[in-house]
Structure formats: C-alpha cells, structure tokens
Amino acid sequence: MELQVTNSPFNQEQVELLNRLIPTLNDGQKTWLSGYLTAIQGFAAVAAPAGVEQQPASSPGTTSEIAPAAVSREVTVLFGSQTGNSSGLSKKLAKKLEEQGLQVTLSSMGDFKPNGLKKVENLLIIVSTHGEGEPPDNAIPLHEFLHSKRAPKLDGLRYSVLALGDTSYEFFCKTGKDFDIRLQELGGTALVPRVDCDVDFDEAAAQWMNDVLASLSSTPAAAGAVTSEAVGAAVSSGESEFNRTNPFKAEVLENLNLNGRGSDRETRHIELSLEGSNLDYEPGDSLGVFPENHPRLVDELIAAMEWNADERVTVNKSGDQVSVREALLRYFEITAVTRPVVEQLATLSPGSGLPSLLADDSEFRKVMNSCDLLDLVQDYGLKGIPAAAFVAVLRKIPARLYSIASSSKAFPDEVHLTVRAVRYESRGRERYGVCSVHLAERVGLGDTLPVFIQQNPNFKLPENPDAPIIMIGPGTGVAPFRSFLGEREETGAEGKTWLFYGDQHFSTDFLYQTEWQRWLKDGVLTKMDVAFSRDEEEKVYVQHRMLEHSKELYQWLQEGAVIYICGDEKRMAHDVHAALATILEQEGGLTPEQAAEYLTRLQQEKRYQRDVY
C-alpha cells in the first residue's frame, strides 16, 4: 500500500520520503526499523515523570523532532564450531562489521567468559549442532552456563543467531535453537530472526549476514554486501582461489586397499595431487570431497519413476540444464530422506501417504534413519511426479569431510586420505556409503575429484613442540595422527608421543603398520598401544589399553600432555571419555564431579581436543 497524507499521520514531505525508502528495504532492515521505533517509544514512556501526561505524536504539518536513541557501535561475535564452518563464517562477519565502522570482539565460545554477557549489548552467535543435537565441544561451557541458574537477566541485549546443521539429522540446528530460545527467555531482543542452515549454507548465511549488517549499520549493507561465494571462501582455506563453492579438481595419484587378504573391511589409502591449486593445510584439517551417487541407485530410481533418463532438467539458479541421469548422479542427494524434501514431495503428491507420514513423528524418524529416496518412491507411490518438479525439491549433494592423513611438509603438493568403504544390505537391497564406495570402486589413477580444504582450528598440534601428546584413534580415526607424526618428524619436535590404536585383527587390519614401526624405531613415536578386538576371546578396545596404563597416562597428563581423540562419537569417544574420568579418579583421587571438571578445564585449555563424527 502506498502512503498518502489522507491515509497516514504524515505530512506530504514525509510521505514522499517514506514511499521512496520503504520499497528499498529488505526484511532485516524493516525488522530493525520496527524495533528501533518501538525502543524510542518505550524509552519515552519510561523517561516521562510520574503524573505527567505524555505528549501525542507530532500531528501532520508539525516540525517537532525526537532525537534518536544512541545505538551501541560495539558488537560481540561468538562462534561454536566442531569442524571449522562456524569459525570461518564468524571471521568473515567480523571483518564486514569492522568495515562498517563497528567495534568487534570475536571469540570462540570456549574462550569467552560467560559472566561477560551482562556487559554485551549486541551479540551475534554462529553455532553448529553436533551429533544428536549436541553443542560442539567449544560451545558446551556457554550452553551449560546459559541453561543454569547462574544465567543473568539480559534485558538490554540485542542478538541474532545463525544456526548450522543438517536436515538429515533428527535434531536439526538444535544448538542454535537452544541459544535463541534461551537468550529470549533471559530478556534479549532479536536484531534479526534466527536463520537455520542446511549443509548447503552459503546463500542462507550470506543473507543473514547482510540482514545483520543492515540492522547494525547506519550505511546501506549493499555497499559491502556478503555474497554466497564469499561465504564459501570464508570456510575454506585462505589464499587459494579454490574453495567449497569453487572446488579444485585434484588428480588421483594412488588408491590402495590397506586391509590384508581375508579382512571383511576395505580401507582405502588415497593420494591426491594439489599441484597448481595453491591450497595449503595443517595437521588436523580436513579435505572436503564432492562425491557421485552410485549409478545403480540412480538407474533404479529413474526406472521406478518411469522417467526418460535423457530428459533435461535444471540443476542450479543459473538455469544450467543436464540430463536427469547426470543430475541425480552428480548434483543432488538421493540417499538421505529429510523433512524439507518430504514436505515438498507431499505437496507434489498430496494423494500419497506422505502427509500422514509427516504427521507421525515416530514413523518419520524411522523412515529418515533407514530409507533412501528409492524406498520413499516405492513405499509411498510417488510415481507420476515429473522429473523436473521432483529434482527441483532435492538438496544439493553435500561434500564429505575426511581428516587429512598427511603432512604437507612431508608430502608437498599432495594430500592423503584414509577412507573405509561402507556397504550393507537393507530390505533386500545393497546399500552404499556415497563417497566411500565412489572412492573405492569408481575412482582410478589419473581421475580427478572436486576437493577443498576445510580448516579445523579445534584440532591442532600444540604450539610448544616439546609438549607431550596422547593420540587415541581406532580404525580410520588414526588418519590425522599420521599427519601429526609426519609433521613432527619434519619439524624435529622433541615432545613425547603416545598412540592408542585399535581395529579388528592384527594380521589384516593394522593400518599403516610399517610407518608406526618406523616412527617407533626413529623415536618420532615414543609409545604405542594397540587393541585388536577380534583376536581375543574377550573383546579389547582402546579404552581398555588406556586403563591398563592408567598410572603412566596420568603422569603424562600431569606433565602437560595434550589429548586427541578421533573417530566414532557415539561409542568410542564416549567410552574413551569415561576411561579418562576413571583414570583421574583412580590415580588422582578425584571425585566423579572433580574428574568431570578437570576434563572440562582441559578442553578450555585446548589440552583435550576431539575430531569425532
């Protein structure tokens, strides 16, 4: 509706100004303006002396002015990150805020003193959700503080939250939602609404940043608008032109099966060339790989939907078109069932059983955890949806992150991966790990893979080369420790090193055995303890070896050792954490509560780091 003098309380000059301004505002700017005007009105109400009637708003034609309330130019940006995405986005946002003349405090949640929240006026939170709805490690202290009785009232706080997550998990963006809800409960006011991002977060994160910039800045955000390409670059490695939104095509130099004959496991050692990419990495970083779906699954889905495999469909916002088969093979995810996708398919096929499925949370969880799109098509009769409409609701195939298993100092212009192929049968059909089986079965020497470096500031060797390190990584979790020891060998670090490694069988599953033995002989690796669970009557795992050496392990901790854990979070990482607590109780005489506090303190001091999945 266009404003006029006759339908508003404004004079002709004000109407003309507003009609020029309002159409240019984005949603974030409108939200900010609304809150700003409300704040002025509230301030006037509070400031009016008791018993004095407030003056009405200026009538049309009057020239009285209200001095705008002072807006703080100080902004605190906090990030909670497990793999580095939130950290990279926060640095990008902080830089943009500083370019707008704002004073920015940027901090990991783990380094921020929670009591300092009482002094913060503008707070921006970027946080991922880890595992089954849990905060990332460095977000745990702040998350616990805000949800405790010690949390202060935050009536003067203005805040906004960018939540990172994955819609293929049940508790999508739960940590970001937790922070948003709790800050509101404590009296905070949203600068702009929370945004929940899926794995393909570039565009949504860029829009949130621009809305935040508009809400905090006195100049138009368009002057320094954040683009999705800039977001992609922010969460990848520094100086190279190649990043998550522009991956480098790395040539495959080697692709070996590390398991011996007779093993029921297949673990690939893959070497890739980074020559000409200007990509660099540090031990602890990850490599992002964009995989292809299994051709068999693609063909079965096309057959079930009775599509023409050569029909052209659109695959991006630029309008590029490829065949249906290529789109499903290279562009879109078809192995995971997510609520947003099912909701959109339900609108395309309202007569199917999908609306009922969405209404039953328990049944939907079962489907989400056990089915792929082919199952969904067959179980709910989705045949008949046109290919173009079906493909349009799918999310892009996400990159898979793998801990890098090499030191760039030891292998210049190369990056190595350790990847276990995932295969299993369900409902009479063989299932495949999308990326792992792509690498194991369909990538040969000379082929190329689209890759990028994912920095991980939360999993790094200690700055002091003399500090002892304890590495716990069964199976493919040992990958980053190959990188750690390769780096220490090249730099001549003197600190003691202790590796706990485990798998099923010594004879067939001892990954990189000769390299560990060489490092033991040369003194790069001080001590190694192994656990092969299927070689003994009673299964033995890495946590059992830790308990067997509890006195020495405790002594290393007293000497300042840094603990690293890499691998499965649900079982292994939980059991290892429990073993560490038991060691602290037995050898240090701590109560369970004191042991828990000790481990929390180690995390805050970056002496207890985890790369778990």
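# A guided tour of the predicted model

Begin with the sheet of five strands, an open arrangement in the order 19-18-17-20-21 with parallel pairing. Select strand 19 (527–532) and strand 21 (608–612): these stand at the edges, and each has a single partner strand, so one side of each is left without a neighbour in the sheet. From one strand to the next, the twist averages 10 degrees.

**Stop 1: strands 20 and 21**

Select residues 562–567, which make up strand 20; this strand pairs with strand 21 in the parallel sense, over five bridges. Which residue of strand 21 stands opposite Ile563? Display Tyr608, which holds that position.

**Stop 2: helices lying across the sheet**

Next, select helix 16, residues 479–491. This helix lies across strand 17 (469–472), strand 18 (497–503) and strand 20, and runs at about 150 degrees to strand 17.

**Stop 3: helix 16 against helix 18**

The crossing of helix 16 past helix 18 is left-handed. Which residues make the contact? On helix 16, display Phe481, Arg482, Leu485, Gly486 and Glu489; on helix 18, display Glu515, Trp516, Arg518, Trp519 and Asp522.

**Stop 4: Arg610 and Asp137**

Return to strand 21 and show the side chain of Arg610, then that of Asp137. These side chains meet in a salt bridge, with an N to O distance of 2.9 Å. Arg610 belongs to strand 21, whereas Asp137 lies in the loop between strand 3 (122–128) and helix 4 (140–146), so the pair ties together parts that are 473 residues apart in sequence. Are these two residues buried or exposed? Arg610 is buried, at a relative accessible area of 12%, and Asp137 counts as buried at 14%. Across the structure there are 43 salt bridges.

**Stop 5: Arg395 and Asp166**

Select Arg395 and Asp166, whose side chains meet in a salt bridge of 3.0 Å, N to O. This pair links distant parts of the chain, 229 residues apart: Arg395 is in the loop between helix 14 (387–392) and strand 12 (400–403), and Asp166 is in the loop between strand 4 (158–164) and helix 5 (174–185). Arg395 is buried, with a relative accessible area of 11%. Asp166 also counts as buried, at 18% relative accessibility.

**Stop 6**

Arg431 lies in strand 15 (residues 429–432) and Asp375 in helix 13 (residues 373–380), so their pairing ties together parts that are 56 residues apart in sequence. The relative accessible area of Arg431 is 6%, and this residue is buried. Asp375 is buried as well, with a relative accessible area of 2%.

**Stop 7: Ser436**

Move to helix 15 (residues 434–441) and select Ser436, which is found there. Ser436 is buried, with a relative accessible area of 5%. Which residues does Ser436 touch, not counting residues up to four places away in sequence? Display Tyr402, Val419, Arg420, Ala421 and Val422, which are its contacts on that basis. Then select Thr418, which is 18 residues from Ser436 in sequence; their C-alpha atoms are 9.8 Å apart.

**Stop 8: the cysteines**

How many disulfides does a search of the whole structure find? The search finds zero. A disulfide here requires two cysteine sulfur atoms within 2.5 Å. The closest cysteine sulfur to that of Cys197 belongs to Cys173 and is 6.6 Å away, too far for a bond. Cys197 counts as buried, at 1% relative accessibility. Cys371 counts as buried too, at 10% relative accessibility.

Note on methods. Residues numbered from 1 in each chain as written. Predicted model: local features only at pLDDT ≥ 70, side-chain atom pairs only at ≥ 80, totals over all residues. Heavy atoms only, no water. Buried < 20%, exposed > 50% of the residue type's maximum accessible area, 1.4 Å probe, protein only. Pairing = 2+ DSSP bridges. Helix = DSSP H or I, 4+ residues; strand = E, 2+ residues; numbered from the N terminus. Axes fitted to C-alpha atoms, helices over the stretch in contact; angles between N-to-C directions. Contact = heavy atoms within 4.5 Å. Salt bridge = Lys/Arg side-chain N within 4 Å of Asp/Glu carboxyl O. Left-handed = near helix turned anticlockwise from the far one by under 90°.
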